[in-house]
Structures are given as C-alpha cells and as structure tokens.
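Let's take a friendly tour of a protein model. Have the sequence and the 3D view ready, and follow along one part at a time.

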Amino acid sequence: MTSTGGTMRTDPGQDRVAGGNTRPPVVRLAELTHRYGDVLAADGVTLDIPTGRMVGFIGPDGVGKSTWLGLIAGARQIQHGTVEVLGGDMASARHRGAVCPRIAYMPQGLGKNLYPTLSVFENIDFFGRLFGQSRAERDERIADLLASTGLADFADRPANKLSGGMKQKLGLCCALIHDPDLLILDEPTTGVDPLSRRQFWELIGRIRLRRPGMSVLVATAYMEEAEQYDWLVAVDAGRVLATGTPAGLRGQTGTDTLEEAFLALLPPERRGDHEALTIPPLTAGEVVIEARDLQMRFGDFVAVDDVNLQVRRGEIFGFLGSNGCGKSTTMKMLTGLLPPTRGEARLLGEVLDARNIDTRRRVGYMSQAFSLYGELSVRRNLQLHARLFELSQAEGDARIAELARRFDLEPVMDALPDALPLGIRQRLQLAVAVLHRPDVLILDEPTSGVDPVARDHFWALIVDLSRKDGVTIFITTHFMNEAQRCDRISLMHAGRILASDAPAALMAQRGADSLEDAFVGYLAEASGVQLLPPDASAAASDDTAAAPAPHPAPPARAARFSLARLFSFSMREATELRRDPFRLTLALLGTVILMLVMGYGISTDVEDLSYAVLDLDRSTASESYTLNIAGSRYFLEKPPLESHADIDRRMRAGELAMAIEIPPGFGRDLARGARPEIGVWLDGAMPMRAEVARGYVMGVHAQTLTEAVTASTGKRPAALADIAVRYRYNPDMRSLIAMVPAVIPMLLVFIPSMLTALGVVREKELGSILNVYTTPVTKLEFLLGKQLPYIGLSMLNCVLMFVLAITLFDVPFKGSLAAFFLGALIYVTATTGLGLLMSTLTNSQVAAMAGTSIGTLLPAIQFSGMLDPVSSLEGAGAVLGQIYPTTHFLTISRGTFAKALDFGDLGASFLPLLVAIPVLTVASALLLKKQAR
Amino acid sequence: MATRKRTLHNTWHLGIKEFHSLLGDWTMLFLIVFMFTVSVYADARAKPESLHRASIAVVDEDQSQLSTRIIAALQPPQFIPPVHVALSDIDRGMDAGLHTFVLDIPPNFQRDVLAGRAPALQLNVDATRQSQAQTGTGYIQNIVNDEIRAFVQRYRSTAVQPVQLIERAMFNPNLTESWFAAVTAIINNITLLGILLTGAALIREREHGTIEHLLVMPVTPFEIMLSKVWSMGVVVLIASSFSLQIVVKGVLGVVVPGSAVLFGAATLLYLFAAASIGVFMGTLARNMPQFGLMSILVLLPLQILSGALTPRESMPDVVRGLMSLTPTTHFVSLAQGVLFRGAGIEVVWPEFLMVAAIGTLFFALAHHRLRSTIGTMQN
C-alpha cells in the first residue's frame, strides 16, 4: 500500500519486542490460553505489544487471531492467563469499565456491529451518545468524521444500503467517535474492493497522524497490506511464530515477500505441499455462458444495465467490481435464479428459464455467504445434495468419497460446518457445488476472508476443474492475485461493465504496473474519485491534521449508571421500530383487530343450543310441555327424534347439544299424579356448555310446572322463600361488560412481550450484541433502554383499546382513570420485561418466540381469571395464577371499569405488579452476559 | 411421470434433512416435549369444574337453625367453605373481588318461612365473573330451596313436583372439565407448533441464505414447502399421539372412547393446514420480529374462538362465520366428535373435507407467494 507509506513510522533498527520504545506496552499477554472444545485458539501466549504502533496479526484462518483481539477488547471472557490492556488487568470488570471508553473494537464481518436500518448519521450518533457526548460535541465530531471518510453525502442512507467499503468506513467512524487510545480492527478490509481498501488505509493513516499516540491492532489476510504496518505478529495454531517489522521478518527468513516469509516461518508439517500455482494454457471450446443486453430493475433502481458477455468452455472468467455494483445480481440472472427485466441469458445456447429444472443440473452455484446447513454434518450436507441431484446411493457414496479425498475434507466429515474455519467451509461449499459434475460453476466471492494458503489450495482445485474437467468457471473476487489467474476478467461498476479482457491486456490499456493499479484507475475514473498520488498523501494528511481542534480526553472512569446511555438505546430501538412500519402497523392495528374479534367473540352467554325431542307419548300434555322449551330463546329446536338409536346417532354427530325424551303414557301419568319422568340427555363433550344447558332446562322445567299449577288451580303456588338475585356491576349480565375489561389485559401481555422477545436474542444472532460488550453501557442500561420504547408503544395500544372499549363497545367506565392507566403502565412494564427475560434466556429467535408464546398464552388465558377466577384453580396453575401479572391487572381493569374503584380499593393488586418488575429485570440482568465466552 | 417421482424423491430427502436439523436444536426439542407433557398436564389439572371452589360469603342476620343449615350446605367442591361477613362489609369484599357470591339471610328468616310468609333472601352476584355467576346462581338457588323444603317438611307437608326431570350427560357423565381441558391443550399445542415451526423454519432459511442455495438446485418451491410440511407434521403427530395416549389417557385418566387412528389421521390433515398457514405467513413476513407479531395475531383468535374455549353457539354470527374459514374450528369439532363421542368417519367426514380444503387453499396461496417473491428475496 504505497499511498500510506509516508505516514508509517517504521524503525528498521527495531526488530524485537518494543526494544527502542520507552513507553510501557499497550497490551501484555501472559500465559494466555483459550480453547473452544478441542481447538486451542490461544496456547500459552506471552506477548508484549508496543504502544503507538500499527501492529498487524497475520496468519491463516482459525489460528486464533480474532479470539486474541476479542480478549484484548474485553469482548470475550478470559479462560486462563492474563490480559493487561492500558496498564490494567482485563479480567477485572472494574478495569474493563474504566478503560473501555479508551478502546474501540471493530469486529470481523462487513458492518457486523452496525444497525442496518439506521442511517449513517444515526449509527455514529448512537455510539457518540453511548460515550456520553453532548449534542454539540457529537455534531462536530460526526461532521468531521463524515468529511474525512467521504461519507458526508450519504449521511441519511441506511447502513444496509451501503457498499461493503462504505460499511467498513462507517464502522471506523463509529469506532473513532470517542477518540480511542487503542483501535482494534479485525480484518477490516476483507470483502472490500481495492479502491475502497486503498481509501480505508489512507483514512487510517490520516487519523494516526492526528493522534500519534493511538495504538492500532489489525488482523488481516492481505499480506500486501501487512507489508505497510510498523510491527507484525505472525500467528499459527494459537501460538506466536515470530514478531518484528515486515522488513525484519523478511530478513530473518531471507525471503522477498511477506507471504513467502510467513510460509517459511511455518513449521514444515503445517506448510503442506505448498508450491506456486501454475495454470496450464487454455484450450477454449464453444460459448457456454452468454449474456445479451442484460438488465435488472428493482422498482426505479437499475441494478444491472446492458451487460454483454461470452464465456467459453473451460475458461476461468473473473468478475470484479466494488460491493453492491450488481455482480451478485448478474450472477443470479446467469443461474436463472432471477429472470432479467430485459435482455437474455443463455446457457449452452439455450435461454435460461428459472422454471427449467434441467438447466439447474448443469450449473453449480456457490453464494457469497455460507449457505449450507450449519446444523448438519459435512457428510450429511454432501449426502443431502447427492440425493437432491438424484445420484444413486452407490454412485453418491463413491462421488462423496472421491470429493472428500480431492478436497481434503476427510478429517472433518463428521464435524458441523459451523465449527470449521472459513477456508474449510468454502472447500465444502465448492465440493457441494461440483458434486453433480456441472458444466458451469458460478462462484460468488468464494475466497473472501480465506487465508492465503487456503486460497491457493482452493485455486488449485478451480484450475484443476477448469483444465482437466473442462468446467467453465465464472468467479468474483476482490483479490488481485486471483484476478491475475483468470483467463479473462470483467470490471463492473454501478451496474455496468467498464472493461473486459485478459488481465495483461487490461494492464497494458491503462499503462499500469499491476492489475490493482489498473483496476483502481478504472474505478476512480468511473466514480470520479480523486485519488491522492502516493507522495502527496503525507502532505495532505498534514493539512487535515492542522484543521480540527484536539478533543478533550474522555473522563477516566464511566459513570456507574447513566440515563444518557440508557436513552441512547431507547432512541435507537425507537428509530428501528419506526423504520419497520409493517411491524408498527401490526402492533397497533393488530391490537384493534384482536380486540374486536375477542371482545365480540368470547362470550359465555350460551344461546341457540340445538336440541330435539323424542316424544313417545304424543299427547296434548307432552306437546304443551315441549312447546315451553321451544319458546325459550336459549334453545333451538331440531327435527324430532325417532328412536333411542336416533338419539345416539345425532348426539354422536354433535348435531344436538341436548335431547329430551318424554316417556309413553306421560299425559296419563301426569293426570293420575303418578309423577312421570322426563329424560334429558346432555352432550358432555363440552362440559361448560352442558352445565349451562342443564341450568336452562331446569329453569324452563320449573317455570312450566308453576304455570301448569297456576293454570289448573287459578293461583300461583306458594313459594317457601323468595331468592332475590342481584347481579352486581353488570345487572343485565352483558357479556361485553365482563369480557372487554378482560381482553385489554390479555392483549397487553401477548403483544408487548412478543415485541421485546426478540430484542436481545436478535442482537445475539446478528452480532450487534458486541457493542454491549465493548462500550461502557451497563446491562441494566441496555435492558431498560430497549424496554422503554416498547412500554411507550404498549401504552399507546392501551389508550387505543380503552377508547374502543368506551366508544365502540359502549362499556361504561366507572372507576378511577388514573388507577387504570397507572396500573396499565406498571403492567406493560412487567410484560415487556417478561419478553426480555425470554430473550436473554434463549439463543435462537425461533426458541424465543416459541418460549414467549407458551409463556404467555397458557397462563394468561387459563390461569389469570379471565374465565375462571384464580381462587377456584388448583395445583401449579393456581400458584402461577397468583403471581402472574395478568391476574392482578385483570382485577384492576375490571375494578375500574365495572366496579367504580380507586387506588385505595386496589392496593392489593398494585403491589404484586410492582414486585414483578424488579424481579423480571434483575433476572434478565443476571442472565445477560457482558462478555462472550 | 419422471417429474412426480423426482418430486417425491426430493420431498422425502429434504424432509429427512429437517429431522436432522431439529435433532440438533435442543431448546426446541425441550419445548416440544414440555408442551405435550407438563403443559398439557398442568392445564388439565388446574382447570376447575364448571362450578368449582366458588368463593361465597354469607351474612347471617337470622342465626337460626335454618340459616345454619343453609350455610352448611354450601360446601366444597362447588364452593369454598363460606366466610361470615358483616352486612356493612359486603361492598368492600365484592369490590376487591374476594367473593363471587354473597348470600344475605335476613333477620327472622326461619320464623317467616315457617309462617308461610315467603321471606326474601338476597343473593349478590359478581357479574363480571360471568361463567361462575351463571352456573353458581342456579346451584345456590337449588341448594337453598332444597334445604328450606327439607326443613319445612319436618313441620308440615309441602307440594310434590308433578313431573320429575332426570338429566344425564352423555360421553362425560360427570361433566369433568379436565377431560375437555386436556384435549383442548393438545389441540392448542398442535396449532402453535404447526404454524411456528414451519413459518420460522422458512424465515430462518431465508435469513441464512440457504433457500437461495436450494433454488439453484433441481428443487422446486413446491418440494421445499411440502418437505417442511410433512416432516414437521410427523414430529407433531408423534408428540401429540404420545401426549394423548400416555399423558391424557394414562396419567390424567381421561376416558377417550374414540379411535386413536382416526384422530391421528385428522391431526395429520390438520397439521398440513396449519403448516401451510405457517409457510404462508413466512412468505408475508420479512423478518423474524414481524413473524413473531403475526403469529400472535393469528394464534390468539385460533385458540380462543375456535370453540375450544367457549361454545361456538355463543359467538356472534360474523365471528362464527369468519372462524369457520379456519381449519382449527373444524378440527376442534372433529376432535370432540372423535375423541369424546366416539364418532366414526361416516360422521365427521364433512370436517375432514373442510380441513383438507382450507389446507389446500393456504398451501396454494403460500406456494404462489413463495414463487413470486423468490427473486426479490435478499437476506
């Protein structure tokens, strides 16, 4: 990286650990050991890292570089040994709290710690708030950072719409907002195109000029970048191979390049059969892939425009371009995954049709992200694909064995892919892609993030496939030494192809010394970027260094609890919610719909119970008796029954809820005073309905008798006593008055808890939880901050439901408004807390959702007194009902709606709700980890 | 012909893949086992009978032999032994929800009864607790009347009832609520898992990019969907059959006269419908949080309004009409028919047909959505 050469302060004389440095080392590792299962990521590492330098960690994948950086950043829990950073022990939470404002950590992966729906400005602003900066200070710093990274024009663009290079620059802005003394970058330029990479290092160089005391630790897979660092640590198998300046390492091994030096440092058994890759000449056959005027539009956005290309059999065709320029879209069209808006893609002369299964058999595709099943072993992944491509058992097994040998997968056949280093995973993906012997292989950045040795190994396989098996290969890459190996390459920018030719021809056209320079030249020209000539960069840096005033040093120790940090999480969560209008609509509109459906739907007024009569008497007496039942509004008469068998059949079919049997001779017996018996058969399949029906029929029966006596004697029979029933609170026994105040507590547990249930676990799955590990935010601030917006949203829901209840449902509200809403506020705080607890308990979003559904639906519907009062429950359900928050808010809701109650009367219900909040929050805080393991 | 064979072949192997995935997810396995054992058991055990342990208070202003007799008759299991309260405490106790019923026996009640003056008792009922209010009032009226009649009969003869009403409940003679609750719990769990497992599995494949990978292979969206449906169907079928045989019949001792095979077949058909709804929702939602909310919006009405919690007769026609478009409603009525009434296929075939029709409709909708959205699916 020549452009940053001027800013490096290398000292050729200084070869060994911090020899000439008078300042204490920024990081000291002593006897550090870290293991994941059987794999040692750190094997008794002892190392001092000098202050104020740009220190590179180089080595293959899976040797422990990322783990070391995570441990130094305080994001991982130390297993054995000591890690001292900035003069203190990182095992102490106190020290971590004190130094984390001075450390910035950018994890591996493009935009891993960014929030995808937030804009560029909002992302940086969020980190500024976390470090307790004032509005004015943040604005000044953000303007400064955006200007120096060239992101100023994109301040309002959401992070997920940025190209990879821009994402990394934004990540750097977020890391630099608080002027760290130690900047830790884990493979910051992996998967970034050469132009953006060059700009990124220029930026780092300028920042280091401005803050000369800052130490920078970088893990990288690009040896040519490492060449520019001050000091290097060569890592292999969890151990330090060597340290020193790049020149020192080259001198020590007597090699010309760092790549060779590293190979020389490896113990012989790790070096393998590495040798320079030679590519046999191509004997190109007929045209296999052809694109004619391909265009792809997504709405107004033209992702790919006017792409024309031809690839011949056996050719290795490289496809280069910055992230987000349309490469992946083009490849999807070439595989038939995406039908083009215009133009056509042909495979072996036939127009690609996404529906045509047979063309898929001729194509092998490897997507950018690992897209095999992480939960299936390597062997099972291969077997699944063999089956799907309809290889017979024997044929498939033979092919799998052959590929395992050829791709060197034999030792890992029974391992889970998630546990394997990236390089091996990519070999597995390639093995899967060629399993069915396709004519064409389409590979989307197959070597991104893979170390040089593994990359060479991978390329050897590709060359083999192309030259020996005649497979046509279409590949994208950001590595120029790989592009150099292609027969022809195309450069793409902003959806268009800039140039297309053999690598040497392209270099000749630009008059460039290297393919990288040629590429950067094309890109800079197309995007109108003014690149600094290498020599001028130091001077330019001096200019920027002079401009901004130095910022005051951050406070040495972060406050124990900060409302500002808490609110920064709240604001971020609220913004994310606003950016997802579908979710917001679901939350608000969903409540209304559910309230309508449930308010009207749940009713215990049973009417229109179907019944039929088996009248074996057919007398006037029996007819007048049955007429009374038919006249009741509770019953709905069905055609009469014929026989006892008929009763059985129709009851069994669920057609009747009740059958009435009037015995033969009923009229005669009645007249004689022989007390005839009427049989009533109830359908017990649904006990509640049967009970209600029984009550009704007994009432009708009693009334019938009274009327009969009155009719015959002329006066009403004297009752012994009169029972005056007063239905209180709901004199008409309207179901709505009983149900609506119960539906509100129901909905205020399901929706708020589901809103928060994914809060923590989603950050765990997507990686942004790292920001909690490495910034001064405390667990409580994080949890409460996340909870606040959802409490607000839930209260909005509550108001909405309240208004619906008193207007549409016309349910009178008699009690204290203040008591109702205060109760609701406490209640939704508890229910959102419940969701967060589920979220901290689980490790996958699916489990969090299932857990929340089970944890709310059952207790709230069955055990909280919606239908059956809690006092009538027994066993575990009764205990759960007593402590479950819904029980208590249900009492408050019904009390204020129907019973005209106030705080004084409801004290006993507020107390358990108030207790639930700290219990839930403390449980979540205890379960939440502030470091990864 | 070759196409059909390939479809079967792919669907089978993709389904086997789902099993392997599930076997690796311990949390999910634990949740499934928990739902079909502990949860079903707790739900059935906690569920009270229609009138069970109702809380009642009495104000005994008479302090007579008769009033004591009446109070003594209000006994468990229907009632919690009555507490005596003062007249002035009625409002407070009812306001706080301590008592569902308060029976006020006025002074000189016994004397007035014996004198044939038909004095009035006052029964206060908390009508916000509707289910207990209705059945409980009837119970109390009967008990009080019986006690008074028996008491008076010792002094003078009273009129006998000219007609006797003999009621019997078929299929569940004692109207044990826990029988019903256990089966309802199983049905609810089947719905929950059927929808969540398949829908979330689809979104997960999309978030992890594996669906795109599948689609470049000779696999159709139809096969992907069908494989998820059948594999998850089998898992839930095994879990629910186990729950029915071991937990419900064995541990809870519920008498289930119906055919387990017929119920199993119905469950499988219902799972096809539920899973299709799940996949359909999975194609609508763009991320897991959206899917989570949607599932609540769908699960809640399915559980509450399908006739598994309260009788469908009591619902307004609109709700009943809407709910008859869901497979759950038909499955609930089918399950009650088969399990409790011992109904055979000749009785429940219309429900079978409805579940199959609704399932097919959602499957077709989901298939259409999946195919049309596949191109635009980007993480």
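## Where the chains meet

Two residues count as being in contact if their C-beta atoms, placed from the backbone, lie within 7 Å. Keep in mind that this is a predicted model. By that rule, 126 residues of chain A are in contact with 119 residues of chain B. Which helix of chain A gives the most to the side that touches chain B? That is helix α32 of chain A, residues 845-862, with twelve residues.

What kinds of residues make up this side of chain A? There are 72 nonpolar residues, along with 28 polar and 26 charged ones.

To find the place in your viewer, look for A:Asp722, which stands opposite B:Ala120 in β4(B).

## A sheet within chain A

Now look at chain A, where four strands form an open, antiparallel sheet in the order β12-β11-β14-β15. Strands β12 (301-312) and β15 (350-351) of chain A are at the edges with a single partner strand each, so one side of each has no neighbour in the sheet.

The partner of β12(A) in one antiparallel pairing is β11 of chain A (residues 287-298), and the two are joined over eight bridges. Here A:Leu294 stands opposite A:Val307 in β12(A). Helix α11 of chain A (residues 327-335) packs on the sheet and touches β11, β12 and β14 (342-347) of chain A. The direction of α11(A) makes about 125 degrees with that of β11(A).

Note on methods:
Residues numbered from 1 in each chain as written. Chains lettered and ligands numbered in written order. Predicted model: local features only at pLDDT ≥ 70, side-chain atom pairs only at ≥ 80, totals over all residues. Pairing = 2+ DSSP bridges. Axes fitted to C-alpha atoms, helices over the stretch in contact; angles between N-to-C directions. Nonpolar A, V, L, I, M, F, W, Y, C, P; charged D, E, K, R; others polar.
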